[in-house]
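Subject: Structure handover

Hi,

Here is the structure for your files. My notes follow below it.

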Amino acid sequence: MERGVHDRGGLPTEERIDRREHALEDWEVLTDALAGALARRGLVNVDELRRGIESIPPVEYERASYYERWLLSIESILSEKGVLAAGELDRRAAG
Amino acid sequence: MSYRVGEPVTIADRAHRGHHRTPAYLKGKPGRVERVHAAFRNPETRAYGDDGLPRMPLYLVSFARSDLWPGARASGDHRVYVDVFEHWLEEGK
Amino acid sequence: MSEHAHDHDHAPITDAQGPAAARRARALEQLLVEKGVLRAEEIRAGIDWLVSRTPADGARLVARAWVDPEFKQRLLADARSAALELGLDPGPSPVVVALENTEAVHHMVVCTLCSCYPRALLGPPPAWYKSLPYRSRAVSDPRGVLAEFGLEIHDDVQLRVFDSTADIRYLVIPRRPPGTDELSEEQLAALVTRDSMIGVAQPAAPALA
């Protein structure tokens, strides 16, 4: 049975659980708040956010940090809806 | 088809190519209804911009470790409890 | 993700994504505000809400349940309403369920598909809760995971692992530690740790409070 890259239950893994505490960075709190505001406005609901995360190519999904996945998803869903133009976020982030 | 607390069920062994919230490790496995929750908007359609209506009944279903991972080396027993939508349930044996 | 030139220092490997991701997040914020999609005030309000969330709220629910059996029954019947009763914000989830640990049953919570977690009552989830190995092993090897956390559950205790897949959020009510009869409700709340409300630890012992 095929499964999405996000569907992790029961997967065999040798990776140990890193139990260190990590305070959220400012940009992570910002990303979370952006997602919440977009959800409240009906622009990116939580199921769309998850679907966007699940669509990240597997290699990139596993490499990306948790909130990086959120950013990738938000960008993808907003591009789909024409709110962001293709490459617009890349250009602004680089500028 | 609706289910009652205590009833045996089997999770549908369906490949589903879009967003869905039934984990792979449950598909095709036998479980038992523990709670009947309220009905909720369907995440499978909400994920694509739909309003997710009509609401779908949701159940808390429990599974024995030995049914989920039959060959696994056991370090003691446990049950797994998962919220599953009605349309993923089939009558159990 | 955009490529970047190699003419500047890299952050340590574990933070390699940090600076680039921070730029993207801020760029996204700027674009959305400039386009009138979001207002700066609502983003600010969202940030303020997130940083205000701590496990102290969940701990209050647990401590009240320990001292007040009738409250405990209400908490078990409808944790969302019980939180509101104490003036707490239960969060946007329509249903919150409290799972009571007893002599016979121990509960543990995970979200194998993403990171669903009762954030309003516990604050943001710890990094390990969102990690791939926790999400994989919590359902297939919970006793092994608990052993890594330093918690051993006896074979005769039923271990119930809850995988949060839908809109319901789960919160564990850990067992009241022995030797706490003389403590006030506030002192009891101070013993209730975030990890004990996820189910990977027991509450602190009174001597350490």
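Chain C is assigned domain 1 (13–51) and domain 2 (54–208); such bounds come from an automatic or database domain assignment. The C-alpha centres of these two domains of chain C lie 31 Å apart.

This is a predicted model: local features need pLDDT of at least 70, side-chain atom pairs count only at pLDDT 80 or more, and totals for chains, interfaces and linings use all residues. Residues are numbered from 1 along each chain as its sequence is written, while chains are lettered from A and ligands numbered from 1 in the order in which they are written.

Next, the A–C interface. 43 residues of chain A are in contact with 43 residues of chain C (contact: C-beta atoms, placed from the backbone, within 7 Å). α1 (26–40), α2 (46–54), α4 (66–80) and α5 (88–94) of chain A each give two or more residues to the chain A side. Helices are DSSP runs of H or I, at least four residues; strands are runs of E, at least two; both are numbered from the N terminus. α1(A) gives the most, with nine residues.

Now chain B. B:G76 sits in the loop between α2 (65–68) and β4 (79–85) of chain B. B:G76 is partly exposed, because 17 other C-beta atoms lie within 10 Å (buried: 20 or more; exposed: 12 or fewer; partly exposed: in between; C-beta atoms placed from the backbone). Not counting residues up to four places away in sequence, B:G76 touches C:R143 and C:D155.

A cis peptide bond joins B:L53 and B:P54, with omega about 0°. Most peptide bonds are trans. B:P54 is in the loop between α1 (43–46) and β3 (56–64) of chain B.

Best wishes

Notes
Contact = placed C-beta atoms within 7 Å.
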